[in-house]
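My entries follow, in the order I settled on.

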Amino acid sequence: MKKNILFYAALLVASQELVSCQKQLDVNPRDRILESGYYVNQQQAFNGLVAVYDQLGNQSSGYLTKLNIFASGSDDHFAGGDSPSDLGDLQAMNNYTVNSLSGAPSYLWGKGFTGIYRANVLLKKIEGIGMDANTKNRYIAEAKALRAIFYFDLVRIFKNVPLLLEPVDKDNMYNVVQAAPADVYKQIEADLNASLGALPATIPTAEAGRLGQGAVHAVLGKVYLWQEKWVQAASEFALVNGAAPGASTYGYKLLPNFADLWKVTNKFNSESILELAYNTTSNMGWGNVGSGEGNVMGILVGPRNYVPKIAAQAPDYVSGWSVMPFTQEFFDLIHFDPRNKPTVANLDSLEKAGIVSYKHANANTGYFVEKFAGRTSTKAAVGQLELNFGQNMYEIRLADTYMMEAEALLKSGTAVGAGTKAYIMFNAVRARVGLNPVAVTIDNIMKERRIELAAEGQRWFDLVRWGLAASKLSSKGFVAGKNEILPVPERELANSKILQSKEWGGSK
């Protein structure tokens, strides 16, 4: 019988990295035994919690990440690569030829449900562990909040997903059915709200990467925003952002210099709310891509066959794979914005000036991602050098929540004129890069989010929730009423009661 990936799980042996991409031990869904003798003390409970966090930054062995999948499907990027057949799962997203057999849906489904399985195992086992009560409550809160984060991605991406709140018995796993999306959202809200009381207000440096109250309020605000619960969303973001820029209860502040957000040494800075951590010490190689802790995006977005010709003037980029080149449309939008240089690696200009050469690979525009381009000065000294970058990635940062609060206030009918909270928070994002204030309108919010958050994995989701994906992405093959979600992976449909979504020709 074909095994589906919904119930594959893993237990992580001891680790001190709280967000990583570690090797996992697969549990046979017909003989789920690995956790039977585990979870007997506080250290093992902590290891189990690490295993849940592990999935946030998961990268597939096929070089897939949530970010590059949805960037490839957006109007800001092409999939790129060496040729139209290179990294085929990204090409399928770029051209909207993705289907239930494609790797992207399978990876995203498995990533989410592996995280949920691990959270559910921990939540079930931890009650029987004798350990400090406050520590136990914090672990429970983190597991529930992480489960909610995984479910938020799954319901946005697939719409029709099972709602599992405990590990599924091996005799029942093929009888699981999908829940109504409204019920999934209700559970997400419940988990996030339930977690707040046991989470710390601030996270000490030694625990960087763990969830605190601010991060949970930010996620909950996004959950409300997606459901168009404008008042609730604005209230959550207000808790994160504070009464004015720089006045957050949780200590969040915009960095003075936009470019500093992507300095490898500037991890978990004052603007970071939810951040995925990577390092250069995991010794990842070509044979174990996706199982180490290095960030593969550094090599993916670098220009292919990059050669400095005037070394003193050439950036120290690592020659990469030309994935996610920016579209000409996006470059024209950002070209004269102060955020251009920290965002776009302009190989077109460098080549024309005779400073560098590079291969004009698939869908080449000459404009690559600067924010997390791999550099020879930041790659690892061990393992396969191109795969062991320590660049962290933001899931949520403060400029994002400033703009989302302004949007929620605008949509709720709250005044947004000069001097109002919405106006001040929104224009703080522009002031940081030296731009004059503008009115808080939906068009200005859309433009500002597109430029400020470029290449950070937000654009595709923004277009879908604004109802603009069909008009903005039709030239890439996007079909209205279908491509707003991905299909349930084919292997989840075999030998189970899980059904394909109606948007993809199914009955669910």
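**Entry 1: a buried asparagine.** A reminder to myself: this is a predicted model. I began with Asn392, which sits in the loop between β5 (367-369) and β6 (393-397). Is Asn392 buried or exposed? Its relative accessibility is 5%, so Asn392 counts as buried, the cut-off being under 20%.

Next I asked which residues Asn392 is in contact with, leaving aside its neighbours within four places in sequence. I found Lys267, Phe268, Glu275, Leu276, Ala277 and Tyr278. With Glu275 there is also a polar contact, side chain to side chain, at 2.7 Å. I also looked up Asn295: its C-alpha is 7.6 Å from that of Asn392, although the two are 97 residues apart in sequence.

Entry 2: Asn269 lies in the loop between α8 (230-241) and β1. I noted a relative accessible area of 10% for Asn269, so this residue is buried too. The side chain of Asn269 reaches the backbone nitrogen of Glu271 at 2.9 Å. Not counting residues up to four places away in sequence, Asn269 touches Leu255, Leu261, Glu275 and Tyr394. Glu275 therefore turns up in my contact notes for Asn392 and for Asn269, with under 20% as the cut-off that makes both asparagines buried.

**Entry 3: the second largest pocket.** Asn269 came up again when I turned to the pockets. The second largest pocket has a volume of about 410 Å³. It is lined by 23 residues, and Ile203, Tyr252, Phe268, Asn269 and Ser272 are the closest to its centre. Two elements give two or more residues to this lining: α7 (213-226) and β1 (272-276). Which of the elements supplies the largest share? That is β1, with four residues. By residue class, I recorded 11 nonpolar, 10 polar and two charged residues in the lining of this pocket.

**Entry 4: the cavities.** How many cavities of 30 Å³ or more does the structure hold? I noted eight. Leu276 was already on my list of contacts of Asn392.

At least two lining residues of the largest cavity come from each of α2 (66-72), α4 (103-125), α5 (133-158), α7, β1 and β6. The largest share belongs to α5, with seven residues. I counted the classes here as well: 18 nonpolar, eight polar and seven charged.

**Entry 5: aromatic rings.** The structure holds 21 aromatic pairs. One of them is Trp109 with Phe113, a tilted pair at 5.1 Å centre to centre and 45° between the planes. Both residues lie in helix α4, four residues apart, about one turn of the helix. Trp109 is buried with a relative accessible area of 0%, and Phe113 is buried at 1%.

For contrast in geometry, I looked up Trp226 and Phe461. Why is that pair edge-to-face? The planes stand at 70°, and over 60 degrees counts as edge-to-face; the ring centres are 6.4 Å apart. This pair links distant parts of the chain, since Trp226 is in helix α7 and Phe461 in helix α16 (residues 459-465), 235 residues apart. Trp226 and Phe461 are buried. They belong to one aromatic cluster together with Phe70, Phe152, Tyr185 and Trp460.

**Entry 6: helix α15.** In α15 (residues 442-452), I listed these buried residues: Ile445, Met446, Glu448, Arg449, Arg450, Ile451 and Glu452. What covers them includes α10 (328-334), β6, α13 (398-412), α14 (421-432) and α16.

**Entry 7: positive phi.** Ala455, in the loop between α15 and α16, has phi near 70°. Lys159, in the loop between α5 and α6 (181-195), has phi near 75°. Their accessibility is worth a note as well: Ala455 is buried at 4%, whereas Lys159 is partly exposed at 31%.

Technical notes. Residues numbered from 1 in each chain as written. Predicted model: local features only at pLDDT ≥ 70, side-chain atom pairs only at ≥ 80, totals over all residues. Heavy atoms only, no water. 1 Å grid on protein atoms, 1.4 Å probe; cavity = no way out; pocket = protein on both sides within 12 Å on 5 of 7 lines; lining within 4 Å. Points joined across faces, edges and corners; volume = space filled by probe spheres on them. Nonpolar A, V, L, I, M, F, W, Y, C, P; charged D, E, K, R; others polar. Buried < 20%, exposed > 50% of the residue type's maximum accessible area, 1.4 Å probe, protein only. Contact = heavy atoms within 4.5 Å. Polar contact = N/O pair within 3.5 Å; in protein donor to acceptor, adjacent residues only side chain to side chain. Phe/Tyr/Trp six-rings, centres within 6.5 Å; stacked < 30°, edge-to-face > 60°.
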